[in-house]
Amino acid sequence: FPVTILVNIRTGYRSLLSLFCAILISGFFCAPTLFAQSPVITKETMGTVSATTLITAHETANGFVNTGLTMTNGGAAASADLRATSVSTTAPTYTGASGSANVFFTGTGTPGFAIEGIDASSFTNLQLQFGYRKESGTVLPTLAVEYWNGSAWVGVTYTFNETSTTAIGWYLSPVIALPAAAQIAGLKIRWVKSGAQSVRIDDVTLTGTGSTPYRDWETDRKS
């Protein structure tokens, strides 16, 4: 029987080369996404609201996608809220935008939003990304991203890919690498806005390299 060797190179946040090919008696078997980035949490699309909704109310109603986690303001001085306006499918936008609810940080004060109760203890190489709405054609928002290391909030440095003059619209944040200190059972991630420019976020993803092999069957099927 002929021997077939497949080489499949993954790019972007699936940065690990795939690459487990074994020959069977008839044909071949290839597991191209073993040990690739896998979801730590389900993509958080913020659910659906029909009007401005407090984070606490949406959480109590199990309105978020990740009902096993807890959404709060992260102990910030003020709280962001959920909106049904300027949804993430409004152009210009990014591929995979979910629409529906988004988290809105008003231009006044320092509102926060947090996802808590994440078990990241069996993952390494944690990577965070989210959609955000640039709400001004002349200013970028000031939006801190922090993680809880078990005893304190720690900021992570990142820079938006867009500039201050980029058009109003929805964009993806850069992929933000979280350090090893974030690989804990009680991980929390929060966003805190400062400055006078409002901002919205949606479609939060957190991926990592799992301690057990992971295969993305849906991606393989489409390959």
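I counted as a salt bridge any side-chain nitrogen of Lys or Arg within 4 Å of a carboxyl oxygen of Asp or Glu. The model I searched is predicted. Over the whole structure the search returned four salt bridges.

**Salt bridges**

I looked up Glu146 and found its partner to be Arg190, with the closest N and O atoms 2.4 Å apart. This pair joins distant parts of the chain, since Glu146 lies in strand 11 and Arg190 in strand 15, 44 residues apart. I checked burial as well: Glu146 and Arg190 are both buried.

Next I took Glu135, which forms a salt bridge with Arg133 at 2.7 Å between the closest N and O atoms. Both of these residues, Glu135 and Arg133, are buried. I then noted that Arg200 belongs with them in a network of salt bridges linking Arg133, Glu135 and Arg200.

I also noted a salt bridge between the side chains of Arg83 and Asp81, 2.7 Å from N to O. Asp81 has a relative accessible area of 13%, so I list Asp81 as buried.

**Nonpolar core**

I turned to the largest nonpolar core, which holds 39 residues. The members touching the most other members are Phe113, Ile118, Phe130, Trp191 and Leu206. I listed the strands that each supply at least two residues of this core: strands 8, 9, 10, 11, 15 and 16. Strand 10 (123-134) contributes the most, with five residues.

Which residues does Leu206 touch, leaving out those up to four places away in sequence? I recorded Ser38, Pro39, Val40, Ile41, Ile118, Leu126, Gln127, Leu128, Leu178, Leu187 and Ile189.

Technical notes: Residues are numbered from 1 along each chain as its sequence is written. This is a predicted model: local features need pLDDT of at least 70, side-chain atom pairs count only at pLDDT 80 or more; totals for chains, interfaces and linings use all residues. Side-chain values use heavy atoms; hydrogens and water are left out. A nonpolar core is a set of buried Ala, Val, Leu, Ile, Met, Phe, Trp, Tyr and Cys residues joined through side-chain atoms within 4.5 Å. Buried means under 20% relative accessible area, exposed over 50%, partly exposed in between (1.4 Å probe, protein chains only). Helices (H or I, at least four residues) and strands (E, at least two) are DSSP runs, numbered from the N terminus. Contact means heavy atoms within 4.5 Å.
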